[in-house]
Amino acid sequence: MRIHEFGTEHEKTVLLLHSACLSWRMFRPAVERLQTQYHLIIPALPAHDPDEKTPYTSVEAIAAELGGWLTQRGIGALWGLYGVSMGGAVALRLLADGKIPVRTCVLDAAITPYRAPRWLTRGFSLRNYLVIRFAQRHLALIRRAFPSQRFGQAAVEDVCMILGRMDRRDVWRVFDSCFYYPLPKQLCTAARVSYWYGEKEYSQRALDIRHVRRLLPEAVFVPFPDCAHAEFVSGQPEAFAARLAETLERDYIHIYKTSALHGNFLLHRALVSALYYAVMAAAICSAPSRGRQADCAVSMRSAHAGS
């Protein structure tokens with residue numbers, strides 16, 4: 001896996017992970033602005049390198065390889081982590097691995113795994129595999145489905161080029177892995193997480209959004225008006241770069257200024273919650289039995305099964 005770097009003179013390191021069926025070049029227009037402020041690391045993910053044919057492995061294998069590469073390079077923490085679609089799945093896996101601390105993570109329409117039997121997830125993978133295989137034989141349809149005035153001419157040509165190079169086995173592995181990779185029931189991370197999505201793709205991302213809410217209850221969800229899947233990053237690179245930089249630099253009112261302060265915040269919140277429940281328990285115990293029964297209501301958040 002080849003890795004491209006820009007702005008190496010800067011201290012703040014940001015890892016950008018591209019979508020499936022696109023290459024690292026999708027970030028080129030945004031790089032011009034971001035490299036003046038950040039050290040950018042942009043890997044060419046397996047089976048998506050325009051200059052080298054490499055087989056696709058899996059979401060978890062890619063995350064492990066990137067974590068190892070960062071460690072070898074002496075990069076002990078990331079100022080920012082951004083992943084779109086398949087890249088968002090890899091970003092989630094990096095957070096789950098927990099080997100590289102991340103200050104701010106943006107999951108742009110990240111694909112989460114299905115919480116369903118393996119045979120069923122393979123059925124969904126087969127559906128997407130057949131759609132992409134059909135598109136590989138009719139690239140003209142790609143240009144119709146993704147008009148250059150919305151997604152940018154460079155991105156549309158990039159899709160056609162990557163699809164023209166991808167082996168059928170790689171197409172299968174991409175979807176089979178993205179729909180079925182390991183994640184914990186709840187993800188423990190000190191990172192500030194935002195989940196971005198286009199309003200036009202909400203119905204496709206609804207299950208992913210539910211899954212991320214369960215994994216990361218404190219995540220912030222940001223819809224982008226009149227945008228489809230990956231349209232904001234590919235079709236509006238200047239606005240994307242500005243919004244990403246704004247998100248990475250946001251201070252969150254002193255709570256997240258440093259990881260140490262964030263840890264103190266979590267400890268403080270836990271103590272406040274414990275005190276609250278202790279007071280409530282004392283009040284319930286001292287109340288009449290009817291009041292005690294009335295105060296025993298609980299609600300559970302539903303879980304989700306990937307995109």
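## Helices, strands and the model

Helices (H or I, at least four residues) and strands (E, at least two) are DSSP runs, numbered from the N terminus.

Residues are numbered from 1 along each chain as its sequence is written, and side-chain values use heavy atoms, with hydrogens and water left out.

## How confident is the prediction?

The predictor's confidence in each residue is called pLDDT and runs from 0 to 100. Its mean for the chain is 81, and 81% of the residues reach 70 or more. Over residues 253-307, pLDDT stays under 50. Where pLDDT is low, the predicted coordinates should not be read in detail.

A contact means heavy atoms within 4.5 Å. For residues 253-307 the model has 50 contacts beyond four places in sequence. Among the contacts in the chain with a separation of 6 or more, 81% are between residues 24 or more positions apart.

## Strands side by side

Let us walk across some neighbouring strands. Two strands pair if DSSP finds at least two bridges between them. Strand β4 (residues 78-84) runs parallel to β5, and six bridges join them; Gly83 has Leu107 in β5 as its bridge partner. Next, β5 and β6 are parallel and joined by five bridges, and here Leu107 stands opposite Tyr195 in β6. Five bridges also join β6 to β7, again in parallel, with Gly198 partnered by Phe224 in β7.

How well covered are these strands? A residue is buried under 20% relative accessible area, exposed over 50% and partly exposed in between (1.4 Å probe, protein chains only). In β5, seven of its seven residues are buried, and in β6 the count is also seven of seven. Arg192, Ser194, Trp196 and Gly198 point one way from β6, while Val193, Tyr195 and Tyr197 point the other way. Across the chain of 307 residues, buried ones make up 47%.

## The nonpolar core

In soluble globular proteins, nonpolar side chains tend to be buried together. A nonpolar core is a set of buried Ala, Val, Leu, Ile, Met, Phe, Trp, Tyr and Cys residues joined through side-chain atoms within 4.5 Å. The largest one here has 86 residues, and those touching the most other members are Leu17, Phe27, Leu81, Tyr82, Trp196, Phe240 and Leu244. Helix α3 (residues 86-97) gives the most to this core, with seven residues.

Take Leu81 for a closer look. Not counting residues up to four places away in sequence, Leu81 touches Leu15, Leu17, Ala91, Leu94, Leu95, Val102, Thr104, Cys105 and Val106.

## Aromatic rings

Rings of Phe, Tyr and Trp (its six-membered ring) pair if their centres lie within 6.5 Å; planes under 30 degrees apart count as stacked, over 60 as edge-to-face and the rest as tilted. The structure holds 16 aromatic pairs. In one of them, the rings of Tyr114 and Phe179 have centres 5.1 Å apart and planes at 70°, so this pair is edge-to-face. Tyr114 lies in the loop between β5 (102-108) and α4 (118-137), and Phe179 in the loop between α8 (168-178) and β6 (192-198), so the pair ties together parts 65 residues apart in sequence. Tyr114 is buried at 10% relative accessibility, and Phe179 is buried at 4%.

One aromatic cluster is formed by Phe27, Tyr82, Trp196, Phe224, Phe232 and Phe240. Charges meet rings too: a charge sits over a ring if NZ of Lys or CZ of Arg is within 6 Å of the ring centre and within 35 degrees of the ring normal. Arg103 has its charged end over the ring of Trp79, 4.2 Å from the centre, and Arg213 lies over the face of Phe221, 4.1 Å from the ring centre.

Asp226 has a positive phi of about 55° although it is not a glycine. Ala230, found in the loop between β7 and α10, has a positive phi near 60° and is not a glycine either. Is each of them buried or partly exposed? Asp226 is partly exposed, with a relative accessible area of 46%, whereas Ala230 is buried at 9%.

Conventions. Predicted model: local features only at pLDDT ≥ 70, side-chain atom pairs only at ≥ 80, totals over all residues.
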